[in-house]
Amino acid sequence: VALPSIAAELGRHFPPVVFLTDELYAEPGEPARAVVHLGHHHGLAGTLLVPKGGNRPHPVAVMITGSGLQTRDSRIPMPGLEGYAPFRQIAERLASSGVAVLRVDDRGTGGSTGRETLDKATTTSLAEDTRAQVAWLRKRSEIDPAGITLIGHSEGGGVTLSVAANP
């Protein structure tokens, strides 16, 4: 499927639109594979880690960061913890157990665009970003659309509840 056709299809219903680069599969510990997201107002960048092997389609966890500007790895900017990337470590552990994981940079952070939207961003608009990710995952052949789980930290927990209450 050509990326522009996916963009047109998803863009009608779910801005931002999500695209995936051609390298999809990674073993834990391999460099992250970039996901490129484009949308009407902003774009999100992230990583979809899909287990090699195992039964397909895979269940998937969507990881949602807490408040503040976070990258997909949710690194902790404290002395002595700079190398700690909890979201990446959780994703690698889940993938080694057969669960795919999608994690993205918050809008306006890391590889994501949309910094100009941050002054008006609310938990509701962040939930729209998550709904777009879920819609994109449902169309992936390697993902079980009935096996999508949301994992939120801090404000991401509120986003999780919002999306679950109003998919």
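This note goes through the predicted model point by point, from its confidence to its surface.

1. Basis of the model. This is a predicted model, in which local features need pLDDT of at least 70 and side-chain atom pairs count only at pLDDT 80 or more, while totals for chains, interfaces and linings use all residues. Residues are numbered from 1 along each chain as its sequence is written, and side-chain values use heavy atoms, with hydrogens and water left out.

2. Confidence. The mean pLDDT of the protein is 76, and 75% of its residues reach 70 or more, pLDDT being the predictor's confidence in each residue, from 0 to 100. Over residues 1-40 the pLDDT is below 50, although this stretch has 96 contacts in the model beyond near neighbours in sequence; a contact means heavy atoms within 4.5 Å. Where pLDDT is low, the predicted coordinates should not be read in detail.

3. Overall build. The secondary structure comes to four helices and six strands, where helices (H or I, at least four residues) and strands (E, at least two) are DSSP runs numbered from the N terminus. Among contacts with a separation of 6 or more, 65% are accounted for by residues 24 or more positions apart.

4. Burial and surface. Of the 167 residues of the protein, 46% count as buried; buried means under 20% relative accessible area, exposed over 50%, and partly exposed in between (1.4 Å probe, protein chains only). The accessible surface comes to about 8,500 Å², and 57% of this belongs to carbon and sulfur atoms, with areas taken from the Shrake-Rupley method with a 1.4 Å probe and, for residues, only the protein chains shown counting as cover.

5. Helix α3. This helix covers residues 123-138, and its 16 residues should span 22 Å at 1.5 Å a residue, which agrees with the 23 Å between its end C-alpha atoms; the expected span is 1.5 Å times one less than the number of residues. Its buried residues include Asp 129, Arg 131, Trp 136 and Leu 137.

6. The structure holds six salt bridges, each defined as a side-chain nitrogen of Lys or Arg within 4 Å of a carboxyl oxygen of Asp or Glu. In one of them Arg 107 pairs with Asp 129, the closest N and O atoms being 2.9 Å apart. The pair links distant parts of the chain, 22 residues apart, with Arg 107 in the loop between β5 (100-104) and α3 and Asp 129 in helix α3. Arg 107 counts as buried because its relative accessible area is 7%, and Asp 129 is likewise buried because its value is 6%.

7. The side chains of Arg 88 and Glu 92 meet in a salt bridge at 2.8 Å, N to O, and both residues lie in helix α2, four residues apart, about one turn of the helix. Arg 88 and Glu 92 are both buried.

8. A salt-bridge network. Asp 73, Arg 75 and Arg 103 are linked in a network of salt bridges, in which the closest N and O atoms of Arg 75 and Asp 73 are 3.9 Å apart. Arg 75 counts as partly exposed because its relative accessibility is 40%, whereas Asp 73, at 10%, counts as buried.

9. A nonpolar patch. Met 78, Leu 81 and Tyr 84 form a nonpolar patch on the surface, with about 270 Å² of accessible area together. Leu 81 lies in the loop between β4 (58-64) and α2 (86-96) and, at 34% relative accessibility, counts as partly exposed. Patches are made of residues with over 30% relative accessible area and no salt bridge, with like charges joined within 9 Å and nonpolar side chains (Val, Leu, Ile, Met, Phe, Trp, Tyr) within 5 Å.
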